[in-house]
Amino acid sequence: MPAASETTSASPPLSIVVPTYNERDRLPDLVSSVFDAYESAHIDGELIIVDDNSPDGTGAIADDLARRHRITVLHRAGKAGLGTAVIDGFNAANAPIVGVIDADMSHPPPLLPRMLAVMQRSAADIVIGSRYIPGGGTHNWPTGRLAMSRLACFMARGLTPVRDATSGFFLIRRDLARTVRISAGGFKICLELLVRCRPASVVEVPYVFEGRTAGDSKMNMREAMGYLEQLRDLRRFVRAQPPLRQGYRRLTADEIAH
Ligand SMILES: Nc1nc2c(ncn2[C@@H]2O[C@H](COP(=O)(O)OP(=O)(O)O)[C@@H](O)[C@H]2O)c(=O)[nH]1
Ligand SMILES: [Mg+2]
């Protein structure tokens with residue numbers, strides 16, 4: 001059980017989880033940007049930072065930020081992977097709607113209030129920030145990474161209609177997320193939840209992903225192999241389930257602006 005350094009009392013409407021590993025230089029900007037977005041939309045939201053004892057001291061920086069904002073920090077003993085970091089974050093969340101954002105500013109925090117509004121007005125179970133629907137895209141990302149990402153999404157096509165099923169930027173109803181046990185190898189947590197939670201309603205909203213300008217990405221050969229295993233496990237899971245009638249919509253940038 002990770003140690004929590006701070007908790008708050010009244011229930012927030014939205015809890016965003018930020019998994020961190022060696023994000024010392026980027027985390028303060030991300031935190032300011034998320035709380036600016038909350039404030040401008042009058043959302044008393046919280047942030048859950050899940051740090052895996054980052055050697056660069058991100059954990060101490062997170063503790064310091066938690067003195068100034070509505071933040072809970074979970075300190076885990078060592079690098080235990082992104083998937084379990086997100087799940088531990090969801091389990092510590094106080095809001096009925098939970099979500100995930102990278103610490104590296106690849107995902108735009110100002111979109112969070114709009115994603116929350118979409119979730120609330122459309123009664124969606126999951127709202128996914130998508131690079132691969134009209135209006136979405138990637139900026140400053142090496143061609144090789146983009147090709148790998150597109151291939152990974154293409155390979156998930158039989159499992160979900162979602163075009164950016166490997167997105168690291170999404171919201172989900174907490175109760176739904178808590179109904180499932182993800183497999184330990186479930187590296188692409190969004191896909192894991194899309195399949196195993198059997199959501200009745202899924203919405204994709206476009207955004208432009210910014211390639212990381214500093215720090216290291218976690219993408220490597222081991223992760224790629226883990227993804228193949230994940231796809232195999234999820235296909236087995238789907239075959240054992242009754243057919244699912246699922247609502248699925250893609251929104252345009254205009255539609256989420258209002
Ligand atoms: N707690 C935790 N966070 C991680 C781990 N691996 C990656 N992260 C964080 O998860 C987010 C996504 O990782 P990133 O390297 O940006 O992946 P990419 O966007 O797919 O290149 C970042 O905020 C990382 O700091 C991990 O093992 N544990
Ligand atoms: Mg990233």
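The largest nonpolar core of this predicted model has 71 residues, where a nonpolar core means a set of buried Ala, Val, Leu, Ile, Met, Phe, Trp, Tyr and Cys residues joined through C-beta atoms within 7 Å. The residues with the most contacts inside the core are Val 17, Val 34, Met 115, Ile 126, Val 127, Phe 170 and Leu 194. Helix α1, residues 27-40, supplies the largest share of this core, namely seven residues. As a general remark, nonpolar side chains in soluble globular proteins tend to be buried together.

A word on conventions before I go on. Residues are numbered from 1 along each chain as its sequence is written, and chains are lettered from A and ligands numbered from 1 in the order in which they are written. Because this is a predicted model, local features need pLDDT of at least 70 and side-chain atom pairs count only at pLDDT 80 or more, while totals for chains, interfaces and linings use all residues.

Now the chain as a whole. Its secondary structure comes to nine helices and eleven strands, these being DSSP runs numbered from the N terminus, H or I of at least four residues for helices and E of at least two for strands. The radius of gyration of the chain is 17 Å, close to the 18 Å that the globule rule gives for 258 residues, so the chain is as compact as a globular protein of that length; the radius is taken over C-alpha atoms, and the rule is 2.2 Å times the number of residues to the power 0.38. Buried residues make up 45% of the 258 residues.

Let me turn to helix α4, residues 112-122, in which Leu 112, Arg 114, Met 115, Leu 116, Val 118 and Met 119 are buried. Just after α4, Ala 123 takes a positive phi of about 50 degrees, and Ala 123 counts as exposed, with 12 C-beta neighbours inside 10 Å.

Another loop, between α5 and β8, holds Ser 167, which counts as buried with 26 C-beta neighbours inside 10 Å. Not counting residues up to four places away in sequence, Ser 167 touches Ile 128, Gly 129, Ser 130 and Cys 190.

Finally, a helix pair. Helix α7, residues 189-196, and helix α8, residues 221-239, pack at an angle of about 10 degrees, with their axes 10 Å apart; axes are lines fitted to C-alpha atoms, for helices over the stretch in contact, and angles run from 0 to 180 degrees between N-to-C directions. That makes α7 roughly parallel to α8, since angles under 35 degrees count as roughly parallel. The contact is made by Leu 191, Glu 192, Val 195 and Arg 196 of α7 and by Gln 230, Leu 234, Phe 237 and Val 238 of α8.

Technical notes:
A residue is buried if 20 or more other C-beta atoms lie within 10 Å of its own, exposed if 12 or fewer, and partly exposed in between; C-beta atoms are placed from the backbone. Angles under 35 degrees count as roughly parallel, over 145 as roughly antiparallel, 65 to 115 as roughly perpendicular and the rest as oblique. Two residues are in contact if their C-beta atoms, placed from the backbone, lie within 7 Å.
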